[in-house]
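Thanks for coming, everyone. Please bring up the model, and I'll walk you through a few places in it.

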Amino acid sequence: MVKETCVTTRTVDPAVEMLLEEAAALGVSTAFSWAAAMAPCPIGENGRCCKNCHMGPCRLVKPGQRGVCGATLETVAARNLARAIAAGAAAHSDHGLDMAFTLEAVARGDAPGYEVRDPHKLRSVAELMGIHVDSKPVNDLALEVADRAIENFRQMRGELTYVSRAPAKRQEVWRGLGITPRSVTREIVETLHRTHIGTDQDPEHILRHALRTALSDGWGGSMLATDISDILFGTPSPTVAQVNLGVLKDDEVNIVIHGHEPTLSEMIVAAAQSPELVDRARSQGAAGINLCGICCTANEILMRQGVSVAGNFLSQELALLTGTIEAMVVDVQCIMQALGDLSSRFHTRLITTSPKADITGATHIEFDEHHAPEIAREIVRLAVDNFPNRDGRVVIPPVTNDLVPGFSHEYINYMQGGAHRSSFRPLNNAVIAGRIRGAAGVVGCNNPRTVHDETHTYLVREFLKNDVLVVMTGCGAIANAKCGMMLGEAMEYAGPGLREVCEAIGIPPVLHLGSCVDNSRILTVLTQMGTEGGLGQDIADLPVVGFAPEWMSEKALSIGTYFVASGVYTIFGVGSPVGGSDEVTRLIGEGWEKQVGARLEFEPDPQQMLAKALAHIDAKRAALKLAPYNPSRFGASGDRRTREAMALPMEERATALYGRVQA
Ligand code: BF8
């Protein structure tokens with residue numbers, strides 16, 4: 001059900017508030033209290049600090065001030081942003097590369113426990129890559145796809161394979177500017193080179209390469225990560241699951257999987273269901289094994305397996321405070337270092353699994369896809385054997401909600417016409433008619449510098465009221481799922497036209513598309529909307545906006561930048577990492593608008609964010625010569641009318657339902 005939120009100055013999530021009170025009672029610090037105790041560095045916060053060489057760090061805080069090498073504020077702020085985008089692109093893409101290596105190992109028969117679960121997707125991906133499918137055996141085709149994917153990470157010349165998936169007009173924009181990405185590796189290496197002391201000094205030139213680097217993530221590393229995950233673990237379709245800290249069980253072994261990559265977590269899902277380990281849990285006094293996730297690993301196994309989600313980024317420390325987690329298993333990205341110390345205060349075993357990420361205080365059980373089932377069983381066994389070590393203090397907030405995740409691009413296509421007539425035509429028609437005013441992609445992190453989940457949930461409610469269809473990923477998706485916004489009941493917030501469309505198709509008005517690498521699914525959806533007909537010929541023509549309202553990570557900057565480079569006006573909340581430079585703010589705003597047809601803006605005020613988004617959607621509608629948005633034209637049909645009629649006194653119902661009734 002749709003839940004009212006409990007707004008405090010820290011969070012809108014009552015489960016998080018309850019555990020923050022528990023943290024205070026236990027004298028435990030969390031990201032919330034650290035953020036309250038330490039203001040952001042006022043120089044680094046908005047891009048004025050240059051620490052790219054050891055003549056500095058230089059603080060450019062006075063008008064006209066330069067660094068020791070002569071670098072201007074504009075150059076410094078542009079370099080800082082470009083480096084952050086490169087780091088974000090690297091994180092997504094290294095994840096994608098590991099997925100490609102796993103697919104290669106599976107195809108060679110070197111990864112027992114894994115298989116190609118979606119051969120249909122394998123064939124579609126092969127075709128997109130220009131590989132002849134013919135009647136090749138699945139593993140032969142998988143090997144060719146893996147090889148082509150790996151080549152995309154290391155090729156030094158040419159264009160990324162998936163550039164050809166973008167609308168033709170968009171490809172022309174990129175080629176015209178010289179920003180068509182060659183490979184993730186090439187663009188990231190070049191960013192680091194250009195931003196080294198004494199290399200690229202013109203801020204516009206630096207930022208143009210930042211666009212190219214971000215594109216190598218969106219249309220390269222992330223898109224490959226999504227596609228290969230679908231091939232190996234199945235393309236998501238809608239399922240039902242539960243969310244929030246109330247999914248933890250007081251009488252079962254709780255294992256929380258946290259991080260980003262689905263390879264190990266998929267194996268842990270299987271191990272946790274094995275009769276041998278469930279019996280072992282019972283022998284330790286537990287009623288069973290309860291698996292759930294946090295952050296984007298959660299989104300991966302939620303989308304495909306319906307595994308519960310305990311929370312988003314700012315819930316990770318709080319989950320430990322429940323006293324009920326036998327093991328928190330982490331891989332890479334968004335894992336707070338504080339978990340090491342914190343887990344040692346409770347009985348929880350923090351288990352690191354990536355060869356790339358050690359945390360002091362954790363037990364390291366290294367993942368290797370060649371021995372994944374044994375490693376997964378070892379981890380689950382360790383968790384099970386830890387159950388008797390609970391100290392008896394159990395504080396599980398009684399807060400959960402249901403959600404319907406699983407909206408892959410393929411399913412969105414299918415749901416609009418079934419197997420024989422799948423297309424985006426109904427969606428495009430709804431936008432053309434004005435039933436749907438436009439669409440918003442609301443994605444990204446939590447940040448304790450703003451009220452946890454508040455802007456994510458505010459924007460989504462307002463978009464629904466304004467007949468704007470919402471697609472979500474990452475921690476923003478979890479924020480809204482916790483409030484019941486990913487259920488049919490969220491229709492109560494929807495405007496009349498959006499409601500008609502969602503009721504006709506049978507979908508919630510807020511669609512969960514997956515983890516942060518799955519923002520690439522949004523690119524695919526937008527491409528199909530742009531090429532379906534009636535809404536222009538390019539992503540930049542569409543009445544759509546992108547948002548990262550509570551962003552904090554470099555990955556979010558990469559995502560936002562590849563949205564912009566793909567033609568989507570994108571607004572970030574919280575604060576601007578280049579706010580110290582009016583010129584860089586102008587370059588990523590009107591400068592990028594001239595170059596790629598979209599702006600990147602940082603706007604901390606949620607009402608302003610909304611107003612800008614709606615104005616943009618309406619301007620795009622006008623440019624397409626679509627009817628102006630007019631909600632009063634829609635909503636008189638379908639079950640809304642029935643529902644309103646049923647709420648009337650009995651004697652008035654028949655008239656409301658059927659018009660004037662003869663006595
Ligand atoms: O990759 S939304 S806090 S968990 S960075 Fe991290 Fe941000 Fe969450 Fe997913 Ni994405």
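Strand β7 and strand β8 (residues 349–352) pair in the parallel sense, over four bridges. Two strands pair, here, if DSSP finds at least two bridges between them. Strands are DSSP runs of E with at least two residues, helices are runs of H or I with at least four, and both are numbered from the N terminus.

A word on the source. This is a predicted model, where local features need pLDDT of at least 70, side-chain atom pairs count only at pLDDT 80 or more, and totals for chains, interfaces and linings use all residues. Residues are numbered from 1 along each chain as its sequence is written, and side-chain values use heavy atoms, with hydrogens and water left out.

Back to β7. Strand β4 (residues 253–259) also runs parallel to β7, joined by five bridges. There, I255 stands opposite A327. So how enclosed is β7 by the rest of the structure? Largely, because six of the six residues in 325–330 are buried. Buried means under 20% relative accessible area, exposed means over 50%, and partly exposed is in between, using a 1.4 Å probe and protein chains only.

Now the ligand. Which residues are around it? They are H260, C295, C296, F313, C334, G444, C445, C475, C516, M552, S553 and K555. A residue counts as near if one of its heavy atoms lies within 4 Å. By class, that shell has eight nonpolar, three polar and one charged residues. For the classes, Ala, Val, Leu, Ile, Met, Phe, Trp, Tyr, Cys and Pro are nonpolar, Asp, Glu, Lys and Arg are charged, and the others, Gly among them, are polar.

Two side chains here come with distances. A polar side-chain atom of H260 is 2.6 Å from an oxygen atom of the ligand. For K555, a polar side-chain atom is 2.9 Å from an oxygen atom of the ligand.

Next, the nickel atom of the ligand. Its only protein donor is C516, through SG, at 2.2 Å. Donors are N, O and S atoms within 2.8 Å of the metal (3.2 Å for Na, K and Ca); water is not among the atoms, so sites may look incomplete. C516 sits in the loop between β13 (510–514) and α21 (519–532). Why is the arrangement around the nickel irregular? Because the four donor atoms subtend angles of 92 to 160 degrees. Four donors count as tetrahedral if all angles lie between 85 and 135 degrees; four count as square planar and six as octahedral if opposite donors are over 155 degrees apart and all others between 65 and 115; anything else is irregular.

Another parallel pair: β14 (residues 544–548) and β15, over four bridges. G546 stands opposite T570 in β15. From β15 (residues 569–572), Y569 and I571 point one way, T570 and F572 the other, and all are buried.

Helix α20 (residues 496–505) is mostly covered, with seven of its ten residues buried. Among them are R499 and E500. G506 follows, with a positive phi near 85 degrees.

D134 has a positive phi near 40 degrees, and D467 has one of about 60 degrees. Buried or exposed? D134 is exposed, at 62% relative accessible area. D467, at 0% relative accessibility, counts as buried.

Terms used:
Polar contact = N/O pair within 3.5 Å; in protein donor to acceptor, adjacent residues only side chain to side chain.
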